[in-house]
Each structure stands twice: as structure tokens, then as C-alpha cells.
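The following report describes a single protein model for a reader who works with computed structures. Please consult the sequence and the coordinates alongside the text.

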Amino acid sequence: MGRKMLQGLVATALAAFPLVNGQQPGSLTPEAHPHLATWKCTTSGGCVQQDTSVVLDWNYRWFHNADGSTSCTTSSGVDPTLCPDEATCSKNCFVEGVNYTSSGVATSGSALTLKQYVKGSDGKTNSVSPRAYLLGPDGNYVMLKLLGQELSFDVDLSTLPCGENAALYLSEMDATGGRNEYNKGGANYGSGYCDAQCPVQNWNNGTLNTARRGSCCNEMDILEANAKANAFTPHPCIGDNCDKGGCGFNPYALGYKNYYGPGFTLDTSKPFTMITRFVTNDGTTTGSLNEIRRFYVQNGKTIASAAPGGDTIKASACSSAASYGGLAGMGAALGRGMVLTFSIWNDNSGFMNWLDSGSNGPCSDTEGNPANILANHPDTHVVLSNIRWGDIGSTVNISGGGPNPSASTTSAATVPTSTTTAPAHAQTHWGQCGGNGWSGMTACASPYTCTVLNPYFSQCL
């Protein structure tokens with residue numbers, strides 16, 4: 001429901017990683033983004049591999065003074081001595097890269113693995129709850145424009161018990177992560193997060209948030225799930241007024257209690273492919289969003305929908321979201337472009353009951369206690385792979401393509417037809433243009449010059 005770790009993350013991951021929001025990139029730990037193969041597809045040209053990687057949210061990073069002796073954050077927020085204002089904070093404080101493995105993030109080809117728990121060098125097990133974003137070769141977030149399009153990926157949720165939430169969703173963040181003269185790392189360091197729950201952070205889109213304003217933006221939850229329950233939910237916003245509850249589709253909550261789960265129609269003990277289509281009123285990429293359709297493929301076959309009319313959210317079913325822009329407002333955000341976000345988390349306060357307990361799922365109201373998860377499922381993790389987006393019908397071959405496709409043969413993924421390289425154009429102002437391990441653009445748009453700030457980071461200034 002878009003609770004994106006504001007309950008679970010603060011109480012767990014921050015025990016292992018200080019809450020930081022960085023500005024100047026530091027030189028103590030290089031930031032090396034794990035590469036993740038993804039594909040953009042068209043009905044005419046097939047699927048073309050993209051040059052993409054993942055970047056960890058900057059809340060997991062060390063934010064420190066010049067000599068590395070003092071943290072720039074405290075338990076109550078930024079240090080007022082080091083950060084009395086944005087300009088001074090930028091001069092005094094530096095953000096570091098991260099060790100992705102110890103942060104619970106690993107990639108291999110097209111597969112992204114996110115772990116809830118990681119054992120530290122001291123032998124202790126830490127709850128890390130990673131959140132990461134899809135990054136392009138230019139150092140900015142990839143802006144997926146999915147109005148009148150579809151998004152597909154493979155997912156393995158088999159190790160996720162009650163109380164866990166593996167999430168893949170879209171957030172209308174700024175492409176640069178709020179990069180500016182005071183926040184020089186920007187998207188390269190995972191800055192600029194926002195969602196429909198309006199989290200109050202030390203920084204809002206890269207700017208020091210002394211007013212403690214919530215970071216609100218449109219959010220489309222494609223996947224929020226464990227092995228026992230799942231939901232997909234639009235959360236439109238008008239300004240800072242957001243539909244926090246959303247008008248989602250949860251098979252169990254709608255009465256289809258034997259559809260999703262281990263050994264059920266959609267067998268979560270095995271991987272499957274998830275396809276989400278954003279259908280417009282006129283079938284174009286500029287029309288009004290009036291339906292979100294969901295399909296599944298498993299073991300090479302289309303899985304029948306849970307609902308007789310298809311697993312779908314229609315505009316008429318989201319009347320409660322009218323004051324937030326409704327489904328059309330969600331579609332407008334999809335048309336402008338949104339950032340693909342990945343996370344895994346659990347919930348110390350509510351045990352994720354809103355997702356998988358009571359009328360929402362088969363779990364008891366205490367199974368999701370993180371203490372139970374750690375004791376019984378320390379290896380819980382999610383694998384997301386073969387991420388593809390593009391024209392409807394281009395990413396996965398679904399027989400029939402209607403709201404309840406026949407359970408005949410279908411391929412689980414479209415085979416890419418070619419690959420692409422980074423576009424041959426110049427980096428913009430404040431963009432990264434060099435540094436150890438950097439593989440993106442090195443030329444700067446006029447009149448800016450690629451300036452070395454440290455061995456790991458050069459920037460167009």
C-alpha cells in the first residue's frame with residue numbers, strides 16, 4: 001500500500017546504516033553501481049537491451065565531515081552545527097559510496113537479488129531492507145513512460161514468508177535525483193526519493209528539508225508481495241494530496257483465496273512472469289488511463305486470471321481516488337515518466353498485516369513479526385529478473401492478449417534481438433562525466449567543463 005519502508009526501514013535498516021542524505025561525493029568508498037540488463041521493446045523491432053544499473057537509496061550511506069571523523073546526521077536529523085543551511089552543509093559534508101553486497105543487493109546479468117538479512121563481519125545478522133532504483137548510463141534515473149504500454153518481469157518469491165514485502169514499483173521522482181550545486185551526487189547516489197505516503201526526510205528532492213515537508217509524489221505499486229499474498233495498487237496525487245490507501249487489486253481480499261500461494265493456481269513456490277498493462281481509452285500512449293490489467297505466465301503457460309473478468313483495475317472502481325486525480329491522474333504520471341524502484345522490507349509496528357492478514361491474506365496477525373522472520377527465515381530474499389517494457393504485446397507473447405487469456409502455450413520472456421550503447425551526446429550541468437569505474441558520458445554540454453572532484457567523481461561544472 002505504498003508504506004515503502006517508513007515503518008520497517010527506520011527501525012531496522014538504520015540500525016546498520018546511518019540515515020544520511022548526501023551532497024558532495026566523498027572519496028573514501030567508491031560508488032560502483034551493479035549492472036542490471038533490462039530491455040525496451042516494440043512490436044516492430046523486438047526487444048533491445050539497455051545499458052542500465054541499480055543505485056542504492058542515499059538513506060543507506062555515510063554522510064560525514066571533511067576528515068571523516070564526524071557524522072553529519074544525528075538521531076534527530078542533520079547536525080545543526082555542520083548543516084545550519086544548505087550551502088554550508090554542502091561545504092562541510094560528504095556522502096560515500098556503499099558496499100552493495102553488505103547492503104543486501106546483488107546482480108547477475110538480468111537478475112537482481114535483494115536480501116532482507118545480511119551477516120556482518122562481526123558475525124551478527126543485520127536487517128538491511130535495501131531500496132534501489134534503475135539508473136541509466138548518463139547517471140540519471142531511467143524514466144519509464146508506460147502510459148499505453150506494458151511492463152514485464154520474472155519474480156521468485158518462494159523464500160518470502162508472512163510479514164515480508166518484496167516491492168517493485170514506480171515513483172515520480174526527478175530524473176536527476178534533485179541534482180544541483182549543493183547536491184552534486186544526485187541520482188548517482190540515490191537521492192530524491194518520494195512516494196504517495198509523503199515521507200518526511202532530512203532532504204526533499206536533494207534540498208535540505210528544514211521545513212520538514214513530506215516528499216509526496218505519484219506512486220504505482222506493480223508488485224507488493226510475499227509467497228502468501230500480493231497486490232498491485234495505483235496511488236495518484238494532486239500536489240501533496242495523495243491517495244495513501246489506493247484502489248488496489250488483491251486476489252485474496254476479493255474472495256479468490258486459493259488462487260495465489262504455494263501449490264495454488266499461481267504457484268509461488270516457483271518463479272513466474274508478471275505482465276502489467278496500462279490501457280488507455282483510445283489505445284494510444286497519449287490517451288487517458290482507464291484500466292490496469294495483470295497477467296501471469298508460469299512454466300511456459302498463461303495462468304488463468306483470478307477474477308472471471310480478468311485481474312484488472314478500472315477507472316470506475318477508483319472513484320474513491322477522484323479527489324487525488326483518479327486513474328487518469330495516475331496515467332498522466334505514467335505518461336510523464338516514473339522511476340523504477342525495488343525494495344524488500346518487513347514491518348516492526350504493523351507486521352505487514354495490511355498486505356497478508358485478516359481479509360487481505362491467510363497469515364495470522366503475529367506471523368509477520370520481524371523477530372519470527374529472523375528466527376525462522378533468515379535467508380528470505382527476492383529475485384527480480386528479465387525486466388522489459390514497451391508496446392503492449394511486445395514484451396511477452398501472451399496467447400490471445402485479452403483480459404483472461406487462454407492457458408495455451410506462451411513464452412515466458414521475449415528474447416532480446418539486439419543491444420544498445422549509451423547515446424552519443426553530452427552530459428548536462430551537474431552531471432557526472434568521469435571517475436574510477438565510470439562508464440557513462442565523458443563530454444560536457446557547452447559551456448561546462450568536466451572537472452575532477454576526487455578520483456571517483458568528475459562533474460560537469
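Thr 207 is located in strand 18, where helices (H or I, at least four residues) and strands (E, at least two) are DSSP runs numbered from the N terminus. With a relative accessible area of 33%, Thr 207 is partly exposed; the classes are buried under 20% relative accessible area, exposed over 50%, and partly exposed in between (1.4 Å probe, protein chains only). Leaving aside neighbours within four places in sequence, Thr 207 is in contact with Glu 86, Asn 180 and Asn 202, contact meaning heavy atoms within 4.5 Å. The C-alpha atoms of Thr 207 and Ser 191 are separated by 9.8 Å, and the two residues are 16 residues apart along the chain.

The model is predicted, so local features need pLDDT of at least 70 and side-chain atom pairs count only at pLDDT 80 or more, whereas totals for chains, interfaces and linings use all residues. Residues are numbered from 1 along each chain as its sequence is written, and side-chain values use heavy atoms, with hydrogens and water left out.

**Overall figures**

The protein has six helices and 34 strands. Of its 461 residues, 56% count as buried. Among contacts between residues at least 6 apart in sequence, 70% join residues at least 24 apart. The protein exposes about 16,800 Å², of which carbon and sulfur atoms supply 51%; accessible areas come from the Shrake-Rupley method with a 1.4 Å probe, and for residues only the protein chains shown count as cover.

**Disulfides**

The structure holds eight disulfides, a disulfide being a pair of cysteine sulfur atoms within 2.5 Å. The table lists some of them.

| Disulfide | S to S distance |
|---|---|
| Cys 72 and Cys 93 | 2.1 Å |
| Cys 194 and Cys 217 | 2.2 Å |
| Cys 198 and Cys 216 | 2.1 Å |

The link of Cys 72 and Cys 93 is left-handed, with -100° about the S-S bond.

The link of Cys 194 and Cys 217 is right-handed, with 95° about the S-S bond. This pair links distant parts of the chain, 23 residues apart: Cys 194 is in the loop between strand 16 (164–171) and strand 17 (203–204), and Cys 217 is in the loop between strand 18 (207–208) and strand 19 (219–225). Cys 194 and Cys 217 are buried.

The disulfide of Cys 198 and Cys 216 is right-handed because the torsion about its S-S bond is about 125°. Here too the pair links distant parts of the chain: Cys 198 is in the loop between strand 16 and strand 17, Cys 216 in the loop between strand 18 and strand 19, 18 residues apart. Cys 198 counts as buried at 12% relative accessibility, and Cys 216 counts as buried at 18%.

**Aromatic rings**

A search of the whole structure finds seven aromatic pairs. Rings of Phe, Tyr and Trp (its six-membered ring) pair if their centres lie within 6.5 Å; planes under 30 degrees apart count as stacked, over 60 as edge-to-face and the rest as tilted. Phe 63 and Trp 203 form an edge-to-face pair, 6.4 Å centre to centre with 85° between the planes. Phe 63 in strand 5 and Trp 203 in strand 17 are 140 residues apart, and their pair links distant parts of the chain. Both Phe 63 and Trp 203 are buried. Ring pairs link these two residues and Trp 58 into a cluster.

Another edge-to-face pair is formed by Tyr 133 and Tyr 141, at 5.4 Å centre to centre and 70° between the planes. Tyr 133 and Tyr 141 are buried.

The charged end of Arg 131 sits over the ring of Tyr 193, 3.6 Å from its centre. Arg 294 lies over the face of Phe 232, at 4.3 Å from the ring centre. The criterion requires NZ of Lys or CZ of Arg within 6 Å of the ring centre and within 35 degrees of the ring normal.

**Nonpolar cores**

The largest nonpolar core has 69 residues, and those with the most contacts inside it are Leu 157 and Phe 342. Such a core is a set of buried Ala, Val, Leu, Ile, Met, Phe, Trp, Tyr and Cys residues joined through side-chain atoms within 4.5 Å. Apart from it lies another core, of 11 residues, among them Trp 58, Cys 72, Cys 93 and Val 95.
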